[in-house]
Amino acid sequence: MKYLIAGLGNIGPEYEVTRHNIGFLVLDRLADLQKVSFSQDRHAFVSEVKYKGRSITLIKPTTYMNLSGKAVNYWLKELKIPKQNLLVITDDISLPFGKLRLKPRGSSAGHNGLKNIEEMIGGQDYPRLKFGVGDDFPKGRQVDYVLSPFSKKEFETLTIEIDRCIDMIYAFCTIGIERTMNQFN
């Protein structure tokens, strides 16, 4: 079985450890734990891991967040992976920091990366794993907040939360979305 895991974020050192880049941070940690590296390819940094007989392709789009759909759509088609075997990892300000929520489908909820993926792959019926980054920002300052680094307090537990996210990715690829949601949500 083949899977495509797309971690959303923005390329460039100024975005590296920001809340909006949690998708990149999760995939970087997964790649480190698997002792694989990313190489630049069409529209994304790409790596592949094997896990319990599954072939899992990791992508970090190089198109910037708001055009993530271009990379996701390309790699789904290139690797002939069905939408239900796609998992998009993204930040979510409506969830408290560190809260993880796996969903089989849903709206973009104003997230421009998810909105672009919907447009490019045709619909909202694809799995996503939302990583809560909280909403500790004044009205109208959402962009500044998601593009700012995690707080010192958040950094203290970030690796633990990222590792839980990785456990959910492995479960999604092995036991399926329903059982993974029952176990983790």
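Let me begin with a definition: a disulfide is a pair of cysteine sulfur atoms within 2.5 Å. Keep that cut-off in mind, and keep in mind too that what we have on the screen is a predicted model.

So, how many disulfides does that rule give? The count comes to 0. Take Cys165 as our example. Its closest cysteine sulfur belongs to Cys173, and the two sulfurs are 12 Å apart, which is too far for a bond. Cys173 is therefore in no disulfide either, since the cut-off is 2.5 Å and the nearest cysteine sulfur, the one in Cys165, is 12 Å away. And are these two cysteines buried or exposed? Cys165 is buried, because its relative accessibility is 0%. Cys173 is buried as well, with a relative accessible area of 1%.

Let's move on to the helices. Two packed helices are described by the angle between their axes and the distance between the axes. Here I'd like you to look at H5, which covers residues 152-175, and H6, which covers residues 177-184. Their axes come within 7 Å and cross at roughly 145 degrees. As for the hand of the crossing, H5 passes H6 in a right-handed one. Which residues do the touching? On the H5 side we have Arg164, Asp167, Met168, Ala171, Phe172 and Ile175, and on the H6 side they meet Ile177, Arg179, Thr180, Gln183 and Phe184. Sorted by class, that contact between H5 and H6 has 6 nonpolar, 2 polar and 3 charged residues.

Now please find helix H3, residues 112-121. Its buried residues are Gly113, Leu114, Asn116, Ile117, Glu118 and Ile121. What do they pack against? Their neighbours are helix H2 (68-79), strand S5 (86-92) and strand S7 (128-132).

Side chains of opposite charge can pair when their charged atoms come close. How many salt bridges does a search of the whole structure find? There are 8, and I'll walk you through a few.

Lys83 forms a salt bridge with Asp125, and the closest N and O atoms are 3.0 Å apart. Lys83 sits in the loop between H2 and S5, while Asp125 sits in the loop between H3 and S7, so this pair ties together parts that are 42 residues apart in sequence. Lys83 counts as partly exposed because its relative accessibility is 22%. Asp125 is also partly exposed, at 42%.

In general, an α-helix has 3.6 residues a turn, so residues three or four places apart point the same way.

Lys50 counts as exposed, at 56% relative accessibility, and Glu48 as partly exposed, at 41%.

How values were computed:
Residues are numbered from 1 along each chain as its sequence is written. This is a predicted model: local features need pLDDT of at least 70, side-chain atom pairs count only at pLDDT 80 or more; totals for chains, interfaces and linings use all residues. Side-chain values use heavy atoms; hydrogens and water are left out. Axes are lines fitted to C-alpha atoms, for helices over the stretch in contact, and angles run from 0 to 180 degrees between N-to-C directions. Helices (H or I, at least four residues) and strands (E, at least two) are DSSP runs, numbered from the N terminus. A crossing is left-handed if the near helix is turned anticlockwise from the far one by less than a right angle, and right-handed if clockwise. Contact means heavy atoms within 4.5 Å. Ala, Val, Leu, Ile, Met, Phe, Trp, Tyr, Cys and Pro count as nonpolar, Asp, Glu, Lys and Arg as charged, and the others, Gly among them, as polar. Buried means under 20% relative accessible area, exposed over 50%, partly exposed in between (1.4 Å probe, protein chains only). A salt bridge is a side-chain nitrogen of Lys or Arg within 4 Å of a carboxyl oxygen of Asp or Glu.
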